[in-house]
Amino acid sequence: MENCLFCKIVAGEIPSNKVYEDELVLAFRDIAPQAPTHILVIPKAHIGSVAQITPENSGIVAHIFQVIAKVAEAEGLQNGYRVVSNCGDDAGQTVHHLHFHILGGKKLALEMA
Ligand code: 5GP
Ligand code: ZN
C-alpha cells in the first residue's frame, strides 16, 4: 500500500524499534509512548482499520492477540496492560493501517471516552 507509514515500516523503508516479528505480524515500540511500555502490533498485510476486518482476513486478528499475550509477558506486564485499537476519525485514528496498542507499566487511567 503506497504512502502508508506502517507498510513502509513493514518494508523496512522506515526504521522501527522491533520487539517481535514473524511472517504475518510485526510489533514495535511507539515513537511517542503514552505509557512506560507502549507497543504497536500490526499485520504485515495492509488492513485499514477494525472497520476493514472481514471473514477473509479476520484470522490475522486471532494471531495478533496471541502475539499480544506473548509480547506482554516478555515485556514483564504481569501486573496488567490495556489493548486499544482506534478506528476512524471519532476515535482519533491517525495511521490508517490496523494496529493494536499495548499500554502498560503503570496504573492506567480508567476513562474510556
Ligand atoms: P493511532 O492514533 O492511529 O491509534 O496510533 C498511531 C500511533 O502511531 C501513535 O501512537 C503514534 O505515536 C505512532 N506513530 C506514528 N508515527 C510513527 C512512526 O514513525 N514510528 C513509530 N514507531 N510509531 C509511530
Ligand atoms: Zn499499510
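Analyst: A residue is called partly exposed when its relative accessible area lies between the limit for buried, under 20%, and the limit for exposed, over 50%. The model discussed here is predicted. Lys18 has 42% relative accessibility and therefore counts as partly exposed. Its salt-bridge partner is Glu21, with the closest N and O atoms 3.3 Å apart. Glu21 is likewise partly exposed, because its relative accessibility is 40%.

Glu21 also forms a salt bridge with Lys44, where the closest N and O atoms are 2.8 Å apart. This pair links distant parts of the chain: Glu21 belongs to strand β1 (residues 18-21), Lys44 lies in the loop between β3 and α2, and 23 residues separate the two. At 22% relative accessibility, Lys44 counts as partly exposed.

A further salt bridge joins the side chains of Glu75 and Arg29, at 2.9 Å from N to O. Glu75, at 26% relative accessibility, is partly exposed, and Arg29 is partly exposed at 33%. Through shared partners, salt bridges join Lys18, Glu21 and Lys44 into one network. The count of salt bridges comes to three.

Key: Residues numbered from 1 in each chain as written. Chains lettered and ligands numbered in written order. Predicted model: local features only at pLDDT ≥ 70, side-chain atom pairs only at ≥ 80, totals over all residues. Heavy atoms only, no water. Salt bridge = Lys/Arg side-chain N within 4 Å of Asp/Glu carboxyl O. Buried < 20%, exposed > 50% of the residue type's maximum accessible area, 1.4 Å probe, protein only. Helix = DSSP H or I, 4+ residues; strand = E, 2+ residues; numbered from the N terminus.
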